[in-house]
Amino acid sequence: MEQLAVLLGYANTPWHLAGLATTPLELLSFLLSVATVWLNIRQSHWGWLFAIISSATYGLVFFGSRLYGDMGLQLVFISVSIYGWYQWVHGDDRHERLPVTSLTLRQRYQAGVAWLAGFALLAWFLKSFTDTDVPNSDAFLTAGSLVGQLLLSRKKIENWHVWIIVDVLYVALYLHKHLMLTALLYAVFVGMAVMGLRAWRGDHADGHPDERRMVLE
């Protein structure tokens, strides 16, 4: 236990990197997260392994910043990442590569309702049982991130729309919490989410032209 405490103490030693205040643990999480999104854009199932590791390291970072919603979200991300890894490797019902598809209009409404319901529940929990100073924003972005991760696990193209919204708002939150490197990371994520949307849209249009009609059903 003492060795673990020493290791965590070193991992959270304040650093200054190119004028940005950070820690070795936050920097490691940064690099792992960028690798995760890059692999997701390429539809590589190995992205889920990086997602599991980066979620574990970021859980420790968020705990230190009293972002308990985000910390708890990392545990959920690990579970969803295991599910997503299985889905991407296992494939569809014919055990072929899981295709990029769209949500139906009804499914989009369901995703929106799930986001709002998750926000309400998490905001109540954070206000009632934690000392966080940003319960509403933490809850809203935590719920949105969970929706985005679930859509990603099923290769729904709308996951990128969700991530663009969430990542833009996360930049502001992390600037407020003085997590400068993480704020920069999420600014990078915004650009990568746009790239992911374009890449998946091309794959979706080429491989599954009839899916465009399903959106209006």
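User: Which way does α6 cross α7, left-handed or right-handed?

Analyst: The crossing of α6 past α7 is left-handed. Keep in mind that this is a predicted model.

User: What angle do α6 and α7 make, and how far apart are their axes?

Analyst: The packing angle is about 150°. The axes are 9 Å apart. Angles over 145 degrees count as roughly antiparallel, so α6 and α7 are roughly antiparallel to each other.

User: Which residues meet there?

Analyst: On the α6 side they include F140, L141, G144, S145, G148 and L152. On the α7 side they include V162, W163, V166, Y170 and L173.

User: How does that contact split by class?

Analyst: The α6 contact with α7 has ten nonpolar residues and seven polar ones. It has no charged residues.

User: Switching to α4. How does α4 pack on α7?

Analyst: Helix α4 spans residues 68–90, and helix α7 spans residues 159–176. They pack at about 145°, with axes 15 Å apart. The α4 and α7 crossing is left-handed.

User: Which residues do the touching in that pair?

Analyst: From α4, D70, L73 and F77. They meet W163, Y170, L173 and Y174 of α7. By class, that contact has six nonpolar residues, one charged and no polar.

User: Now the core. Which residues in the largest nonpolar core touch the most other members?

Analyst: L67, W160, V166, Y170, Y174, Y186 and W200. The core has 42 residues.

User: Is H178 buried or exposed?

Analyst: Exposed means over 50% relative accessible area. H178 has 58%, so H178 is exposed.

User: How far is H178 from S65, in sequence and in space?

Analyst: They are 113 residues apart in sequence. In space, C-alpha to C-alpha, H178 and S65 are 9.0 Å apart.

Terms used
Residues are numbered from 1 along each chain as its sequence is written. This is a predicted model: local features need pLDDT of at least 70, side-chain atom pairs count only at pLDDT 80 or more; totals for chains, interfaces and linings use all residues. Side-chain values use heavy atoms; hydrogens and water are left out. Axes are lines fitted to C-alpha atoms, for helices over the stretch in contact, and angles run from 0 to 180 degrees between N-to-C directions. Helices (H or I, at least four residues) and strands (E, at least two) are DSSP runs, numbered from the N terminus. A crossing is left-handed if the near helix is turned anticlockwise from the far one by less than a right angle, and right-handed if clockwise. Contact means heavy atoms within 4.5 Å. Ala, Val, Leu, Ile, Met, Phe, Trp, Tyr, Cys and Pro count as nonpolar, Asp, Glu, Lys and Arg as charged, and the others, Gly among them, as polar. A nonpolar core is a set of buried Ala, Val, Leu, Ile, Met, Phe, Trp, Tyr and Cys residues joined through side-chain atoms within 4.5 Å. Buried means under 20% relative accessible area, exposed over 50%, partly exposed in between (1.4 Å probe, protein chains only). Angles under 35 degrees count as roughly parallel, over 145 as roughly antiparallel, 65 to 115 as roughly perpendicular and the rest as oblique.
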